[in-house]
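Please keep the sequence and the structure in view while reading.

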Amino acid sequence: MKKAIIYVTTYCPYCHMAKEYLIKKGVVLEEKNVETDLKARDEMIQKSGQMGVPVLDIEGKIIVGFSQEEIEKALEE
Amino acid sequence: MYDSIIIGSSAAGLSAAIYLKRRGINFLLLGKDIGGEMAIAGEVDNYPGISHTNGLELTEKFKEQAKQYEIEPKAINVTEITKINGGFVVSGTNTENHAFEEKTKSIIIASGSKPKKLKIPGEKEYYHKGISYCSVCDGPIFKGKPVAIIGGGNSALESGLMMAELCPKVFVLTKNAEMKGDEILIKELAKKENVEIIKMAFTQEIFGEEFTKGLKYLNQNTNEIKEILVDGVFVHIGMSPNTDFVPDNWNIKNKIGEIITDKLGKTDIPGIFAAGDCSDIIYKQIAIAVGQGTIASLSAISYLNSLEK
């Protein structure tokens with residue numbers, strides 16, 4: 001079973017879509033809200049080199065934004 | 001062959017789908033997810049029947065209703081529509097990039113719109129490195145930092161109000177002499193002490209190092225180039241329709257790409273209907289998109305009935 005960290009903000013719809021999709025795929029998910037957790041915000045910026053959400057860290061593979069295609073690829077690896 | 005294919009699964013597409021489903025029409029709903037631009041609308045206080053909500057919550061309610069009708073959008077990126085004998089072909093790709101192709105007697109185009117770009121130096125370079133087109137999504141990341149909002153309408157006003165709660169200083173730049181939009185929002189924004197509205201301001205460049213550091217704008221009154229230092233820039237200068245897949249030689253698009261419809265959601269091509277933000281309706285509102293989706297679906301049903309006679 002794959003593990004992932006998802007960096008989100010509270011009302012970001014793409015974050016919710018990405019989260020739902022990963023849960024549907026059976027991924028074990030750790031959620032970090034960069035709105036309230038400043039350490040997580042810095043971690044996300046450091047990992048992805050940018051400041052947009054959602055950011056997905058699927059076992060080291062970093063995905064910016066919600067892209068089903070990229071998630072599928074990362075899950076296959 | 002399907003009776004109808006709806007392209008787009010936000011407010012307009014979903015309301016059309018509900019009406020088609022209730023009439024037992026054999027149809028497909030194509031879209032990445034239910035929501036589209038509605039989902040990132042921020043605060044929504046003008047949707048009749050719901051006093052106070054936000055784009056995300058409203059999208060959830062739309063999803064619940066879709067589920068109730070067993071309506072499931074197919075995640076397809078539509079790239080082309082073509083005419084064939086007795087109908088049309090809708091082509092595109094699915095999320096695994098596999099080709100998609102289906103035949104249909106009618107199409108309801110409800111593909112919505114996407115944010116317009118400034119097309120200035122630095123915009124591409126600093127996208128997601130300080131520049132965002134979604135305040136609801138990325139705004140909270142800039143908590144405690146100075147930001148600028150570019151735009152003069154409701155989206156810019158809403159973004160300004162949201163960011164004023166999070167940031168020590170918010171600049172709102174509009175190229176117009178006054179902010180345009182709902183009076184209630186204009187008054188609310190004017191009350192915020194940490195918000196500075198800069199009028200007649202034409203943004204020229206966004207600059208920075210690894211991330212955005214600020215922007216330059218032309219003050220149209222004095223003809224001076226000015227600079228402000230901000231960590232975030234939120235662009236809300238309007239929308240452009242998602243209609244690239246509609247052939248130009250069908251002559252159903254206006255100069256800015258919106259689908260030209262009559263009051264029944266019909267285009268000049270029998271069997272092609274349009275609704276919502278991708279249409280040439282002047283006012284882009286969730287409530288209007290819902291109504292237009294309803295009209296377009298009823299017109300499509302009437303068209304399908306006429307084919308059977």
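Two residues are taken to be in contact if their C-beta atoms, placed from the backbone, lie within 7 Å. Among contacts in chain B between residues at least 6 apart in sequence, 60% join residues at least 24 apart. The model is predicted, and the points below should be read with that in mind.

**Chain B as a whole**

- The secondary structure of chain B comes to six helices and 18 strands, and 45% of its 309 residues count as buried.
- The C-alpha trace of chain B spans about 65 × 40 × 35 Å along its principal axes.
- Because a compact globule of 309 residues would have a radius of gyration near 19 Å, the 21 Å found for chain B agrees with that expectation.

**Helix 6 and what covers it**

- Helix 6 of chain B takes in residues 286–308, and its 23 residues should span 33 Å at 1.5 Å a residue, which agrees with the 33 Å between its end C-alpha atoms.
- An α-helix has 3.6 residues a turn, so residues three or four places apart point the same way.

**Strand 7 and its partners**

- Strand 7 of chain B runs parallel to strand 1 of chain B, to which five bridges join it, and Ile108(B) in strand 7 stands opposite Ile6(B).
- Ile108(B) also stands opposite Phe273(B) in strand 18 of chain B, a strand that pairs with strand 7 of chain B in the parallel sense over three bridges.
- With strand 6 (residues 87–94) of chain B, by contrast, strand 7 of chain B runs antiparallel, joined by six bridges, and here Val89(B) stands opposite Lys103(B).
- Four residues lie between the strands in the hairpin of strand 6 and strand 7 of chain B, where Asn97(B) takes a positive phi near 70°.

**The parallel five-stranded sheet**

- Five strands of chain B form an open sheet in the order 9-16-10-11-12, and the pairing is parallel.
- The edge strands of this sheet are strand 9 (131–132) and strand 12 (195–198) of chain B, each of which pairs on one side only.
- Within the sheet, strand 10 (residues 147–150) and strand 16 (residues 232–235) of chain B pair over four bridges in the parallel sense, with Gly232(B) in strand 16 as the bridge partner of Val147(B).

**Helices 4 and 5**

- Helix 4 (residues 154–164) and helix 5 (residues 183–191) of chain B pack at an angle of about 35°, with their axes 10 Å apart, and the crossing is left-handed.
- On helix 4 of chain B the residues making this contact include Leu157(B), Glu158(B) and Leu161(B), while on helix 5 of chain B they include Leu185(B), Ile186(B) and Leu189(B).

**Glu43(B)**

- Glu43(B) has its place in strand 3 of chain B, and it counts as partly exposed because it has 15 C-beta neighbours inside 10 Å.
- Leaving aside residues up to four places away in sequence, Glu43(B) touches Asn54(B) and Glu158(B).
- Glu43(B) and Asn77(B) are 34 residues apart in sequence, and their C-alpha atoms are 28 Å apart in space.

Notes:
Residues numbered from 1 in each chain as written. Chains lettered and ligands numbered in written order. Predicted model: local features only at pLDDT ≥ 70, side-chain atom pairs only at ≥ 80, totals over all residues. Helix = DSSP H or I, 4+ residues; strand = E, 2+ residues; numbered from the N terminus. Expected span 1.5 Å × (residues − 1). Pairing = 2+ DSSP bridges. Rg over C-alpha atoms; globule rule 2.2 N^0.38 Å. Buried ≥ 20, exposed ≤ 12 C-beta atoms within 10 Å, placed from the backbone. Axes fitted to C-alpha atoms, helices over the stretch in contact; angles between N-to-C directions. Left-handed = near helix turned anticlockwise from the far one by under 90°.
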